[in-house]
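The sequence and structure are shown first.

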Amino acid sequence: MTMYNVIKHTSKQTVKRAVQYWLDKSTIHPLQRWLAFVLVLALFFLRIYLVQGYFIVAYGLGIFLLNNFIAFLSPLEDQNDLDGPSLPSTSEQGKEYKPFTRRLPEFKFWLTCFRGTVTSFFMTFFSIFDVPVFWPILVMYFGVLFFMTMKRQIQHMYKHKYVPFSFGKSKYSNAGVETGAFGGGMSGVGRKGTGR
């Protein structure tokens, strides 16, 4: 291996580690993450408005975001596809608590939407993606697609009696607060047998 390859590999690993570090730090800050996504999405639509082009890129991003949103609302196990045990059909069978598990967790939903929007934003700087289309047709088709897809999803939720949102979860007051000499962890906590 040449010295150039070693430096290239080391710097690539350092960048990956740094990105993963900041992604890990952002998991406990959903409001800030979603605000960053809304900001990037607003920049994308501002770019589309100013250049008056790249409508097909915007349409593709809309379909991508809709697909991710449906995966976010859907349960991990689809009750229509189960051949074996299924959800209880009587109140006696339903006494056991089964939490709602998403097919696409919130953090991955945010991350894929954020990456897709950033990618679409950068696509607007290359003229090869500026395909001339009549944009009102795309808007109308996306509206119909959104309506039909959401109608089907709501019917699925009603049929299987689940709600994909939980607003009453416990919140911990010091979640994410780092204290101590080394940024959190078990600082100040003694171990058994050490005499502390």
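Glu-106 is partly exposed, with a relative accessible area of 25%, whereas Arg-33 is buried at 4%. Buried denotes a relative accessible area under 20%, exposed one over 50%, and partly exposed the range in between, with a 1.4 Å probe and protein chains only. The side chains of Glu-106 and Arg-33 form a salt bridge with an N to O distance of 3.0 Å. This pair links distant parts of the chain, 73 residues apart: Glu-106 belongs to helix α4 (residues 106-123) and Arg-33 to helix α2 (residues 30-51). The criterion is a side-chain nitrogen of Lys or Arg within 4 Å of a carboxyl oxygen of Asp or Glu, and by this rule the count comes to one salt bridge. Helices are DSSP runs of H or I with at least four residues, strands are runs of E with at least two, and both are numbered from the N terminus.

The model is predicted; local features need pLDDT of at least 70, side-chain atom pairs count only at pLDDT 80 or more, and totals for chains, interfaces and linings use all residues. Residues are numbered from 1 along each chain as its sequence is written, and side-chain values use heavy atoms, with hydrogens and water left out.

Leu-39, Leu-43, Leu-46, Tyr-49, Leu-50 and Val-51 make a nonpolar surface patch of about 610 Å². Patch residues have over 30% relative accessible area and no salt bridge; like charges are joined within 9 Å, and nonpolar side chains (Val, Leu, Ile, Met, Phe, Trp, Tyr) within 5 Å. Accessible areas come from the Shrake-Rupley method with a 1.4 Å probe, and for residues only the protein chains shown count as cover. Leu-46 lies in helix α2 and is partly exposed, with a relative accessible area of 44%.

Most residues other than glycine have a negative phi.

| Residue | Phi | Location |
|---|---|---|
| Gln-52 | about 50 degrees | loop between α2 and α3 (55-73) |
| Lys-161 | near 55 degrees | follows α5 |

Tyr-54 is also buried, with a relative accessible area of 8%.

Helix α5 (residues 135-160) has 26 residues and should span 38 Å at 1.5 Å a residue; its end C-alpha atoms are 37 Å apart, which agrees. The expected span is 1.5 Å times one less than the number of residues. The buried residues of α5 are Leu-138, Thr-149, Met-150, Gln-153, His-156, Met-157 and His-160. These buried residues pack against α3, where contact means heavy atoms within 4.5 Å.
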